Amino acid sequence: MFLTLIGLFVGTADNTFKETISGLLNFDDSIVHTIVWHIRLPRVAVSLLAGGCLGLAGALVQLSTRCELSDPNLFGIGGGAAIFLASVYAGLISCPQLVLWIGCLGSSVIIGLILCSIISSPDVSPIKFVIMGIAVGALTVSIGISIVSYGRVFPIQLIGLVAGSFTASNWDMFWYLLITLGVGITGANLLSKSFYPVMLGDVLSKSLGVDPIRQRYLTMSLVGVLTGASVYAGGIIAFVGLIAPHISRKLFGNSLPHLILGSTILGALVTLCSDQISRLLFAPTEFPVGMTTTIVGAPLIIYLALKMK
């Protein structure tokens, strides 16, 4: 609630508290009403939902791969959506908002399925998967940057794509993200019972009647949908999918229902907090949301790597 109030009442526009309240409650053509309802409020709502999608996607990919270092954007799943967005920014593809959203979802699902085929190999350990995932992530970002460079896109659009920005938030994005997150939470709850056998290993999972490969493909498809939606709204925001599940485990335990709900809520809060910091710290200049999340996430991944045997 506190972060939401900051997002609504604090900004570069010199509006008093009374003027902001008036703009929030009175539906007129005033500048303050436009600032509150078409800039600040959509940005808060979109950043919350995008963060929720990333937090849930992070929990699902960690459960599916049995790797605590997994992050959907770090491993290139969001890079699929970034390539599609780059193609649109460069003028190679022209499409309305609905098709843009669907294209981002589909592109990320494709990368998710590629990663799923990698982790399903019996010779791939968690450490090998981390290395391969980071390589896939670097490759997708490189392709996206190359497409943007080819189209001579403005640098601010490039920064927003590869490092995260919610400056273009609107109510259409909000509704698309709300649908995506609703589908993601429903799908995660339907799949959650099958995660317990999968976490024991493929051999035991099969003996308990659960096909681990099928489970992973379903889960990674859902991860692709969630991550693609977040990139559609705010670009590639790294480490939220890594941070949120680990904080959730510390606060709420390892119960899967608690992990799913906790990761979603914490992902939303981390992203909203990061966006407000990036928006206000050096106002009126903004820096990418991904820089704030990286400051927290990079030390965490080093700590987790040191703990791994």
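Mentor: Buried means under 20% relative accessible area, exposed over 50%, and partly exposed in between, computed with a 1.4 Å probe on protein chains only. This is a predicted model, in which local features need pLDDT of at least 70 and side-chain atom pairs count only at pLDDT 80 or more, while totals for chains, interfaces and linings use all residues. Residues are numbered from 1 along each chain as its sequence is written, and side-chain values use heavy atoms, with hydrogens and water left out.

Trainee: Why is A135 called partly exposed?

Mentor: The relative accessible area of A135 is 45%. A135 lies in helix α6, and its C-alpha atom is separated by 7.5 Å from that of F75, 60 residues apart along the chain.

Trainee: What makes T140 count as buried?

Mentor: T140 has 5% relative accessibility, and therefore counts as buried. T140 lies in helix α6, residues 126-150; helices (H or I, at least four residues) and strands (E, at least two) are DSSP runs, numbered from the N terminus. Contact means heavy atoms within 4.5 Å. Leaving aside neighbours within four places in sequence, T140 is in contact with G76, G79, G80, I83 and I111.

Trainee: How many helices and strands does the protein have?

Mentor: The secondary structure comes to 13 helices and zero strands. Buried residues make up 52% of the 309 residues. Among the contacts with a separation of 6 or more, 77% are accounted for by residues 24 or more positions apart.

Trainee: How do you know that G51 is buried?

Mentor: G51 has a relative accessible area of 0%, so it is buried. G51 lies in helix α3, residues 31-65. Its C-alpha atom is separated by 4.7 Å from that of G267, 216 residues apart along the chain. Apart from neighbours within four places in sequence, G51 is in contact with V240, T264, G267, A268 and T271.

Trainee: Is S192 buried or exposed?

Mentor: S192 has a relative accessible area of 10%, so S192 is buried. This residue is found in helix α8. With neighbours within four places in sequence left aside, S192 is in contact with L256 and I260.

Trainee: Why is the pair of W101 and Y176 called stacked?

Mentor: A pair of aromatic rings is described by the distance of the centres and the angle of the planes. Rings of Phe, Tyr and Trp (its six-membered ring) pair if their centres lie within 6.5 Å; planes under 30 degrees apart count as stacked, over 60 as edge-to-face and the rest as tilted. By this rule the count comes to five aromatic pairs. The rings of W101 and Y176 have centres 4.8 Å apart and planes at 10 degrees, so the pair is stacked. The pair links distant parts of the chain, with W101 in helix α5 (residues 97-119) and Y176 in helix α8 (residues 171-198), 75 residues apart. Both W101 and Y176 are buried. Ring pairs link W101, Y176 and Y232 into a cluster.

Trainee: Which residues make the contact of α5 with α8?

Mentor: The contact is made by Q97, L98 and W101 of α5 and by Y176, I179 and T180 of α8. By class, there are four nonpolar, two polar and no charged residues. Ala, Val, Leu, Ile, Met, Phe, Trp, Tyr, Cys and Pro count as nonpolar, Asp, Glu, Lys and Arg as charged, and the others, Gly among them, as polar.

Trainee: What is the phi of F239?

Mentor: Most residues other than glycine have a negative phi. Phi of F239 is near 75 degrees, a positive value in a residue other than glycine. F239 is found in the loop between α10 (212-234) and α11 (240-252). The relative accessible area of F239 is 9%, so F239 is buried.
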